[in-house]
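Please have a look at the model on the screen, and I will then walk through how its parts pack together.

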Amino acid sequence: MSADERNPAATPTPCEDTQGDGRWMSMHHRFLSDSKDKEPDVLFVGDFLVQLMHQFGVWRQLFSPLHALNFGVGCDATQHVLWRLTNGELDHISPKIVVLWVGTQNRGHTAEQICGGIMEIVQVVKNKLPHAHTLVLGLLPRGKSPNPLRERNAKVNQLVREAVAYLPHASFLNVDPGFVHSNGSISHQDMYDYLHLSPQAYQAVCEPLHAHLKSMLDKSAEN
C-alpha cells in the first residue's frame, strides 16, 4: 500500500446497518449516555470478545470491582471502533487504562492494515485521554485447524507488539492461555464455534488479565 492510499482499517467508518434495525448506532448512543454517568478507572473497548465478556461471571467477579466500563460491540472491526471513539465515546470519561481488543473481525484486511488500524486507535486514545494507558490485547487464534486467518492474527500480534514497544502510553499483552494444542487444533470446549469463547476459556483469559490490570492500577496509585 503506497503512502497516498488510505488504510481502510485505519479510516473511521460507522458499521453498516445490514439488519436494518439500527442496533449499532443505538449502542453507540447508549455508550455516549453511559460515559456521562460513569467514572470508570478501566474502559474496555472492542468487538464481540469484549461485549460478551460482560455477560459472563468474570465481569462481575473480576472487572466490576475495578470500576470498569464495557464499550464492546459484536460486529466491530478497527475502523468501527475508531469511528466510535472519534465521535464522543471518550469525551466525558477519564479512565486510567483503556483495554483494546479488536482486529479479528477485520474482513479482507491484511495484518499490516489491521496493525495500522489498532495503532490509529492507540493514537486517538492518546490524543483524547493524554493521561491514560492503552493496553492492547493480542488477537486469539481461531478456527479448529491451522488456517490463513489464524496466521494473520498471529502476524498482527507480532506487528503490534513491535509498534508499541517504545511507546510510554501503550503496551501489548498476550492473553492466549494456550488454546492451540500440540496437533494444531483448538478444542470446542474452549471455543465452542472455534471463534467465541466458552465460560471456562473466558476465565483462563481474564484471570491473568485482571492480575495485570490490578498491578497497573496499583502502580498508578503510587505515582
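Predicted model: local features only at pLDDT ≥ 70, side-chain atom pairs only at ≥ 80, totals over all residues.

Let me start with helix α4, residues 78-89, and helix α5, residues 111-128, whose axes come within 9 Å of each other and cross at roughly 15 degrees. Here an axis is a line fitted to C-alpha atoms, for helices over the stretch in contact, and angles run from 0 to 180 degrees between N-to-C directions. That angle makes α4 roughly parallel to α5, since angles under 35 degrees count as roughly parallel, over 145 as roughly antiparallel, 65 to 115 as roughly perpendicular and the rest as oblique. The helices (H or I, at least four residues) and strands (E, at least two) are DSSP runs, numbered from the N terminus.

Residues are numbered from 1 along each chain as its sequence is written, and side-chain values use heavy atoms, with hydrogens and water left out.

Which residues of α4 and α5 make the contact? On the α4 side they are T78, V81, L82, L85 and T86, and on the α5 side I114, G117, I118, E120, I121, V124, V125 and K128, where contact means heavy atoms within 4.5 Å. By class, this contact has eight nonpolar, three polar and two charged residues; Ala, Val, Leu, Ile, Met, Phe, Trp, Tyr, Cys and Pro count as nonpolar, Asp, Glu, Lys and Arg as charged, and the others, Gly among them, as polar.

Staying with α4, 10 of its 12 residues are buried, so this helix is largely enclosed by the rest of the structure; buried means under 20% relative accessible area, exposed over 50%, and partly exposed in between, with a 1.4 Å probe and protein chains only. Among the buried residues are W83 and R84, and what covers the buried residues of α4 includes α1 (23-37), β1, β2, β3 and α5.

On to the other neighbour of α5 that I want to show. The axes of α5 and helix α6, residues 148-164, come within 9 Å and cross at roughly 45 degrees, and the two helices are therefore oblique to each other. The contact is made by A111, E112, I114, C115, I118 and M119 of α5 together with R152, K155, V156, L159, V160, A163 and V164 of α6, and these residues divide into 10 nonpolar, no polar and three charged.

Now the sheet, which is open and has five strands in the order β2-β1-β3-β4-β5, with parallel pairing; two strands pair if DSSP finds at least two bridges between them. β2 and β5 (170-173) stand at the edges, each with a single partner strand, so one side of each is left without a neighbour in the sheet.

Strand β1, residues 42-46, pairs with β2 in the parallel sense over five bridges, and V42 stands opposite A68.
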